[in-house]
Amino acid sequence: MDTLFVPLMGQLLHQTGLLDITPGNIVMIITGMVLLYLGIVKKYEPFLLVGIGFSCIVANIPGSTLTKEGGLFWYSYQGVENLILPPLIFLGVGAMTDFGPMIANPSLVILGAAAHLGIFVALIGAQSLGFSLQEAASIGIIGGADGPMAIYTTMKLAPHLLPQVSVAAYSYMALMPLIQPPVMRLLTNREERKIMMKQPRYVSRLEKIAFPVVMAIIVNIFLPPVAPLITMLMLGNLLRECLVVTKLSETASNTLLNIVTLVLTVAIGSTMAADTFLTTDTILIIALGLVAFAFGTGSGVVCAKLMNKISGGRINPLIGSAGIASVPIAARVSHLVGQQESRSVFLLMHAMGPNLAGVFGTAISGGIMLALLSR
């Protein structure tokens, strides 16, 4: 029996992935578990981190067929590679977004531009570290905090960097509640953080319906490289605001968005295999992404402080950090930091103005890069 049992057990062992696992696989499996911890226990954007973390673990288990050609995770990635999922994400986001705060206070749109300094800081830093200009532009766009835009731009300019750029963009978006508050507090004093802002003006239904139509026309004329994303964002918003296709709006903002988010996060996590992910370039890209987020947050706050001085103390500088494009995460962080200073400070609606403007700021930055650098 022993003479039969030992060879059979050896044969069985060779059919598993235990003998093929590497230290790199172990590191990435632990990384996936950390992402799950942050999403499940700390509740840092679990919609993003749970899917990324789980598929990261699976991608680093030797022998798994899910991430190989023909596997389910591989098919998910085709939606990213062929730029199908990012526009669908924008459709859902548009259907759940009220652009009223941005329309009501257009002066705050400037914060959506100011908070994108990080894009160009990271771009310059990446090129100084030896990345090509196309690669540096793809890395820089992480600072816009817009996952679909980062994927779209990277697929056009440096597709080989998609795993690192997409993971950095979505991970830092999820970790905004950790990254942004220290920068915001460093650049503001308590009196500034306690400023109460006036209620924005009422925005009519006609304005809300006209906005996505006008923006779609402008973007398709002046920014054709990123028109697919912004056009879908505007279509989703029109579905919401016209009030005659409620079922379509609800489907786009709920069921469709949830499904596409699940597929997208699984696709992103499945690219985090140790053999391709654990490289020096990955470490540099992750570090540059963090620098981009910190600089973007800081430049937005500094610009808001300047606007506060000009307006005679009517603008809370905390809303400047929301000029980063991650909707509505960045606006929510601005509100929460204000609430920590005073329960009477309500910044969510005010912060949504620059937050939504940040979407267009990232689109403009990405569009310029694509127009100048596309091969």
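This is a predicted model: local features need pLDDT of at least 70, side-chain atom pairs count only at pLDDT 80 or more; totals for chains, interfaces and linings use all residues.
Helices here are DSSP runs of at least four residues, numbered from the N terminus.

**Glu191.** I looked up its accessibility first. Glu191 comes out at 59% relative accessibility, so I put it down as exposed, the cut-off being over 50%. I then checked its distance to Thr280, which is 89 residues away along the chain. Their C-alpha atoms are 43 Å apart.

**Overall build.** I counted secondary structure next: 20 helices and zero strands. The radius of gyration is 22 Å, close to the 21 Å from the globule rule for 375 residues, so I can call the protein as compact as a globular protein of that length. Along the principal axes, the C-alpha atoms fill a box of roughly 85 × 45 × 40 Å. For contacts with a separation of 6 or more, I get 78% between residues 24 or more positions apart.

**Surface and charge.** The protein exposes about 16,900 Å², and carbon and sulfur atoms supply 70% of that. Buried residues make up 56% of the 375. I also looked at charges: there are 20 positive and 16 negative ones, and their mean positions lie 16 Å apart.

**Core.** Which residues touch the most other members of the largest nonpolar core? I find Phe99, Ile151, Ile230 and Met234, in a core of 103 residues. Helix H20 (residues 348-373) gives this core its largest share, 10 residues.

Most residues other than glycine have a negative phi, and most peptide bonds are trans. I went looking for exceptions.

- Val327 and Pro328 are joined by a cis peptide bond, with omega at about -5 degrees. I place Pro328 in the loop between helix H18 (280-310) and helix H19 (329-341).
- Lys43 has a positive phi, near 60 degrees. It lies in the loop between helix H2 (23-40) and helix H3 (46-59).
- Leu83 also has a positive phi, near 55 degrees. Its loop runs between helix H4 (72-81) and helix H5 (85-95).

Are Lys43 and Leu83 buried or exposed? Lys43 has 61% relative accessibility, so I list it as exposed. Leu83 has 17%, which is under the 20% cut-off, so I list it as buried.

Methods:
Residues are numbered from 1 along each chain as its sequence is written. Side-chain values use heavy atoms; hydrogens and water are left out. Helices (H or I, at least four residues) and strands (E, at least two) are DSSP runs, numbered from the N terminus. The radius of gyration is taken over C-alpha atoms; the globule rule is 2.2 Å times the number of residues to the power 0.38. Buried means under 20% relative accessible area, exposed over 50%, partly exposed in between (1.4 Å probe, protein chains only). Contact means heavy atoms within 4.5 Å. Accessible areas come from the Shrake-Rupley method with a 1.4 Å probe; for residues, only the protein chains shown count as cover. Lys and Arg count as positive and Asp and Glu as negative; His and the chain ends are not counted. The place of a charge is taken as NZ of Lys, CZ of Arg, CG of Asp or CD of Glu. A nonpolar core is a set of buried Ala, Val, Leu, Ile, Met, Phe, Trp, Tyr and Cys residues joined through side-chain atoms within 4.5 Å.
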